[in-house]
Amino acid sequence: MGRVRPGRISARTGRVPERLKVVGPPVAAAVVALALLSGWTAVGGAGRPQPVEAGPGWLLLPTTGGATATAAFFTVRNPGDIPDELTGASWEFGGKVTLKRHLHQGASGRWEPVTALPVPERGELVMSPEDADLMITNPPALTVGQWVEFTLTFRHSPELRLKAEVVKPGGRRSG
């Protein structure tokens, strides 16, 4: 009767077995951490999405001689903790606007249409002639200094209505 089985608290001595002394603190810490993380998430502290932001952009003036396409550029900032994606665009003149990315292959390269352009958490999507842009096919006649309205669509953020200034090729604006 004086012998206690391992793993059980002795009713007579009230002592905690050695195995429970070793396992108990890490299990208790995990339970407390889970409760705190659940509470933090419940009040919105974990991974807060915030709408993306952008300022005015720029649009290349189509070259003379019947250019069939041009490009627009914006800098989109994501102040939130959740990545977002630019998934589409339209402009005041209608017609097709394609998201595209340039693929560099040594001294040359090519472009390809993409379904989305990433806007990293706490980061930026900086469109440029060397990386990503909005390709506009069959643009109407435009003039340098003209402002054109665009609507950008995102996976998580609300649409953004922005303006872009028409500039000569090589006369790019800072975004």
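Student: In E10, what is the bridge partner of Thr98?

Tutor: Met135 in E10 partners Thr98. Keep in mind that this is a predicted model, where local features need pLDDT of at least 70, side-chain atom pairs count only at pLDDT 80 or more, and totals for chains, interfaces and linings use all residues. Residues are numbered from 1 along each chain as its sequence is written, and side-chain values use heavy atoms, with hydrogens and water left out.

Student: What makes E6 and E10 a pair?

Tutor: Two strands (DSSP runs of E, at least two residues, numbered from the N terminus) pair if DSSP finds at least two bridges between them. Strand E6 (residues 97-105) and E10 have 5 bridges, in the antiparallel sense, so by that definition they pair.

Student: Which residue stands opposite Leu134 in E10?

Tutor: That's Ala72. Strand E3 (residues 69-73) pairs with E10 over 4 bridges, again antiparallel.

Student: Why is strand E10 called largely enclosed?

Tutor: Buried means under 20% relative accessible area, with exposed over 50% and partly exposed in between (1.4 Å probe, protein chains only). In strand E10 (residues 132-137), 5 of the 6 residues are buried, so the rest of the structure largely encloses this strand.
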